[in-house]
Amino acid sequence: DIGCIRGVPTVLCPKEGVQWTVETPQVMREIAAVKQRLRVKHVYIATISPAQHPKYLNELRALLTNINGAQSLSVNSQMASTLRLGDGALTRYTQSLIEQELCAIAHGFLG
């Protein structure tokens, strides 16, 4: 699997277990810790939604629900609507480029 190296967990690896992947609860804890340390009220969560792997289908919703001040336009239809594009106008690739640009110009970035 791309993104999977035992002992080097990433958010990309679909395999189960902390030796493979950074699980959603850990992502939440790390965002909350950085948010508290930097004393910011809002965070933007960049991802591509809907997720391609079933393991991550509810991750964005969980992050937005459990992190106070979290916002995202990462749901494809929501991003398309915000940009005044029709449904299906954004490919996952184009959406990824937009998210990368948002991260590049952000005040702070946690990768």
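**Figure 1. Arg84 in the loop between α3 and α4 of the predicted model.** Arg84 is exposed, with a relative accessible area of 78%. The residue lies in the loop that runs between α3 and α4, the latter spanning residues 92-104. Its phi is positive, at about 60°, although Arg84 is not a glycine.

**Figure 2. Arg39 in the loop between α1 and β1.** Arg39 is another residue with a positive phi, near 55°, and is likewise something other than glycine. Its relative accessibility is 77%, and because the limit for exposed is over 50%, Arg39 counts as exposed.

**Figure 3. Packing of helix α1 against helix α2.** Two packed helices are described by the angle between their axes and by the distance between those axes. For α1 (residues 24-38) and α2, the angle is about 35° and the axes are 10 Å apart. The crossing of these two helices is right-handed. On the α1 side the contact is made by Thr24, Val27 and Met28, which meet Glu59, Ala62, Leu63 and Asn66 of α2. By residue class, the contact of α1 with α2 divides into four nonpolar, two polar and one charged.

**Figure 4. The cis peptide bond from Ser49 to Pro50.** Omega of this bond is near 15°. Ser49 is placed in the loop between β1 (43-44) and α2 (59-66), and Pro50 lies in the loop between β1 and α2 as well. Is Ser49 buried or exposed? Ser49 has a relative accessible area of 13%, and because buried means under 20%, Ser49 is buried. Leaving aside residues up to four places away in sequence, Ser49 touches Leu60, Ser74, Val75, Asn76 and Gln95.

**Figure 5. Ser96 in helix α4 and its distance to Ile48.** Ser96 is found in helix α4. At 23% relative accessibility, Ser96 counts as partly exposed. How many residues separate Ser96 and Ile48 in sequence, and how far apart are they in space? The two are 48 residues apart in sequence, with a C-alpha to C-alpha distance of 6.7 Å.

**Figure 6. Gln78 in helix α3.** Helix α3 covers residues 76-82 and includes Gln78. Gln78 is partly exposed, its relative accessible area being 37%. With residues up to four places away in sequence not counted, Gln78 touches Ser72 and Leu73. Gln78 is also shown with Ala106, which is 28 residues apart from Gln78 in sequence. In space, these two residues are 20 Å apart, C-alpha to C-alpha.

**Figure 7. Lys15 over the ring of Trp20.** Lys15 lies over the face of Trp20, at 4.1 Å from the ring centre. As for aromatic pairs, a search of the whole structure finds zero.

Key:
Residues numbered from 1 in each chain as written. Predicted model: local features only at pLDDT ≥ 70, side-chain atom pairs only at ≥ 80, totals over all residues. Heavy atoms only, no water. Helix = DSSP H or I, 4+ residues; strand = E, 2+ residues; numbered from the N terminus. Buried < 20%, exposed > 50% of the residue type's maximum accessible area, 1.4 Å probe, protein only. Contact = heavy atoms within 4.5 Å. Phe/Tyr/Trp six-rings, centres within 6.5 Å; stacked < 30°, edge-to-face > 60°. Lys NZ or Arg CZ within 6 Å of the ring centre and 35° of its normal. Axes fitted to C-alpha atoms, helices over the stretch in contact; angles between N-to-C directions. Left-handed = near helix turned anticlockwise from the far one by under 90°. Nonpolar A, V, L, I, M, F, W, Y, C, P; charged D, E, K, R; others polar.
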